[in-house]
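Visitor: Please show me how to read the local features of a model like this one.

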Amino acid sequence: MPISSSSHLIDRHGRRVSYLRLSVTDRCDFRCTYCMGEKMNFLPREEVLSLEECLRIARVFVRLGVSKIRITGGEPLVRRNLSWLLREIAALPGLSELVLTTNGSQLERFAQSLVEAGVKRVNVSLDTLKPERFREITRIGEIGQVLDGIAAARVAGFRRVKLNTVMMRGVNDDEFAALVHYALYHDLDITFIEEMPLGETGRDRPGSYMSGEEALALLGRDFPLIPSSETSGGPARYWRLPGANTRIGFISPLSHNFCETCNRVRVTARGELHPCLGQNEALPLMPLLRAHPEGEESDTLLLQAITESMGLRPKGHEFSYASPETPAPEKPQVLRFMSMTGG
């Protein structure tokens, strides 16, 4: 049975899914405190999607109307032969945009090849400009590698380079203005992201949580921020500065729930389709991929499974932090590390 290119993914609440975040590895060369534990047990190779399996998943999602794919990890640039996968995905008929999120450690080496493979935009994680603090947050990272990677990305020809900053009270909230100044000077966009209670790293750290509204007020002391209605196809709300190209965004899954307009799903490196980041339900795609050889008929089975998974999509996520006011929330806790789900 041929797959219709006019199909769309519509969940049980009437929301259309047009954005796939596809993780190609759970491995990373950093150990960021909000993303993973200090000592991690990574998946054995046989439990990770092959690049060919990643392509099959991407192809079916695009046939179901997904127009934007973001490649994530772990750190996607540690995956061998990633450029092959990127070129193949970028060439899929119907895909409008292929983008990638990275910690920047390998970006100086790969920036040009990413552009040549068809990656349109790149997001780089940068939570601080201070070398010692960077080492504390990443546990093993060197900020010089990341800054060199950002410089390489600026000249490589990406449509846009954006910084992602996780907001952590008492950790990096004294640097928000400095990070915006850095973005302005280098003609970069920047998005501030609320820390999410994922995995054991997040569940017991409510004291470091900082809302987007607090950060916006903090930045308002130094910058004449103007609200903008533009979108990059994701959950960020943007502000502009007069006379600057830089967009300043905020992703606020806890304080400014955007579930009503959610248009994305995630597939992990082990082939688990998560309809919602803030829930534990997932559909394992790997058994289906490996039980049926590649071909039109097997892709049809994959399409049917993905379509049926839309019934798992909840109306909203259930992120929550324990606090003195709410010491034992009844809502289910998401115990996956962010690196396991895909950033």
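Guide: Start with arginine 56, which is placed in helix α1 (residues 51-63). Helices (H or I, at least four residues) and strands (E, at least two) are DSSP runs, numbered from the N terminus. The model is predicted, so local features need pLDDT of at least 70 and side-chain atom pairs 80 or more, while totals for chains, interfaces and linings use all residues. Residues are numbered from 1 along each chain as its sequence is written, and side-chain values use heavy atoms, without hydrogens and water.

Visitor: Is arginine 56 buried or exposed?

Guide: Buried means under 20% relative accessible area, exposed over 50%, and partly exposed in between (1.4 Å probe, protein chains only). Arginine 56 has 5%, and therefore counts as buried. Neighbours within four places in sequence aside, arginine 56 is in contact (heavy atoms within 4.5 Å) with Leu289, His292, Pro293, Glu294, Ser298, Asp299 and Leu302.

Visitor: At what angle do helix α2 and helix α3 pack?

Guide: Axes are lines fitted to C-alpha atoms, for helices over the stretch in contact, and angles run from 0 to 180 degrees between N-to-C directions. Helix α2 (residues 82-90) and helix α3 (residues 107-117) pack at about 30°, and their axes are 8 Å apart. The pair is therefore roughly parallel (under 35 degrees; over 145 is roughly antiparallel, 65 to 115 roughly perpendicular, the rest oblique). On the α2 side the contact is made by Ser83, Leu86, Arg87 and Ala90, and on the α3 side by Ser113, Leu114 and Ala117. These residues divide into four nonpolar, two polar and one charged. Ala, Val, Leu, Ile, Met, Phe, Trp, Tyr, Cys and Pro count as nonpolar, Asp, Glu, Lys and Arg as charged, the others, Gly among them, as polar.

Visitor: Which residues lie nearest the centre of the largest pocket?

Guide: On a 1 Å grid over the protein atoms alone, a pocket is an open set with protein on both sides within 12 Å along at least five of seven lines; a cavity is a set of points where a 1.4 Å probe fits but cannot get out; lining residues have an atom within 4 Å of a point. Among the 15 lining residues of the largest pocket, those nearest the centre are Arg45, Val48, Leu49, Arg79 and Arg80. The lining divides into six nonpolar, three polar and six charged residues.

Visitor: How many residues line the second largest pocket?

Guide: The second largest pocket holds about 160 Å³ of space, where a volume is the space filled by probe spheres set on grid points joined across faces, edges and corners. This pocket has 11 lining residues, with Gly234, Pro235, Ala236, Phe258 and Thr261 the closest to its centre. Its lining splits into three nonpolar, six polar and two charged residues.

Visitor: Which residues line the second largest cavity?

Guide: They are Arg121, Val122, Asn123, Arg160, Val161, Lys162, Asp189 and Arg247. The elements giving two or more residues to this lining are β6 (121-125) and β7 (160-167). Five of the lining residues are charged, two nonpolar and one polar.

Visitor: What about the backbone?

Guide: Glycine 73 and glycine 74 are joined by a cis peptide bond, with omega about 20°. Although not a glycine, asparagine 81 has a positive phi of about 60°; at 56% relative accessible area, asparagine 81 is exposed.

Visitor: Where is arginine 139?

Guide: Arginine 139 is in the loop between α4 (131-138) and α5 (143-156). Its phi is also positive, near 70°, and arginine 139 is partly exposed at 25% relative accessibility.
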